[in-house]
Amino acid sequence: MKKPIIFFCGTLALAACGNGLEKKANEKLMVAKAAYERGDYAEAKLQIDSIKILYPKAFETRKAGQALMLDVETKAQQKTLAYLDSAFQAKTEEFNAIKDQFKLEKDAEYQQVGNYLWPTQTIEKNMHRSYLRFQVNEQGMMSMTSIYCGAGNIHHTRVKVIAPDGSFAETPNSKDSYETTDMNEKIEKADYKLGEDGNVIEFLNLNKDKNIRVEYIGDRTYKTTMSPADRQAAANIYGLAQILSTMEQIKKEQEKANLKIGFINKKKERSTTEDAKVLEF
């Protein structure tokens, strides 16, 4: 008789212990629910995660916590989307306020993405001139082109810009350069993308009100001075690039949030289907 009694008592003890764990875990779940209802999703996630860590055998409460976590994740992503929508609207208004100041060059036949230029730097206004041209495409990717025109080639692949105090910035060798000849005039062009330009573009933006010397570096060095109009073009295109690139980044974040919501909804559907199968069984 003693063994069955001992076994029965042990079973009661385990059940009592299990109930105690569920009770403590449920207290955490209630704290998580309260945080969820007041919109503190970070706290709700923290409390739900703590149930799994502190009470791994509180299976029923953990299951309820997982269901709540899906709701928390959904609301968190919806909150993120609301913030992103507001930020995108603000940037769109900022862009619309200035876009007419720029010239959009885009050939619909072969270009899916056009480039914005400052009006003084359009190609037709700058024939036979050596200068730095700045452009940003519709997706916010800015670049600088060093254009050289002269009687003889210098075969330049990089440029250096120098402020009056002697400070300077210099591009690495261009990854995209080419040369041609037009009516005995040698024309060279080299492109440098923002971020791969040795900080030249940012340097020019910071020094837009200063007299800037430019050196084209190749087999020979050609020196010139940036005109005030070209310095203005650099600064204005840089400002536009910041707006457009931010808009593109927001779009990517919006897409990411929507994908997460879609993933959560699929998990909810699977959970509902599995529960329905259990009830049918």
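A: Ser50 is in contact with Lys28 and Tyr55, leaving aside its neighbours within four places in sequence. Contact here means heavy atoms within 4.5 Å. This is a predicted model: local features need pLDDT of at least 70, side-chain atom pairs count only at pLDDT 80 or more, and totals for chains, interfaces and linings use all residues. Residues are numbered from 1 along each chain as its sequence is written, and side-chain values use heavy atoms, with hydrogens and water left out.

Ser50 sits in helix H2. Helices are DSSP runs of H or I with at least four residues, strands are E runs of at least two, and both are numbered from the N terminus. Ser50 counts as buried because its relative accessibility is 14%. Buried means under 20% relative accessible area, exposed means over 50%, and partly exposed lies in between, using a 1.4 Å probe and protein chains only. The side chain of Ser50 also reaches the backbone oxygen of Gln47, at 2.6 Å. That is a polar contact: a pair of N or O atoms within 3.5 Å; within protein, one must be able to donate a hydrogen and the other to accept it, and residues adjacent in sequence count only if both atoms are side-chain atoms.

Now the helix itself. H2 has 14 residues. From its first C-alpha to its last, H2 reaches 20 Å, close to the 20 Å expected at 1.5 Å a residue. The expected span is 1.5 Å times one less than the number of residues. The buried residues of H2 are Tyr41, Ala44, Gln47, Ile48, Ser50 and Ile51. An α-helix has 3.6 residues a turn, so residues three or four places apart point the same way.

Tyr55 lies in the loop between helix H2 (41-54) and helix H3 (59-98). Is Tyr55 buried or exposed? Tyr55 counts as buried because its relative accessibility is 15%.

Which residues does Tyr55 touch, not counting those up to four places away in sequence? They are Leu21, Lys24, Ala25, Lys28, Ser50 and Arg62.
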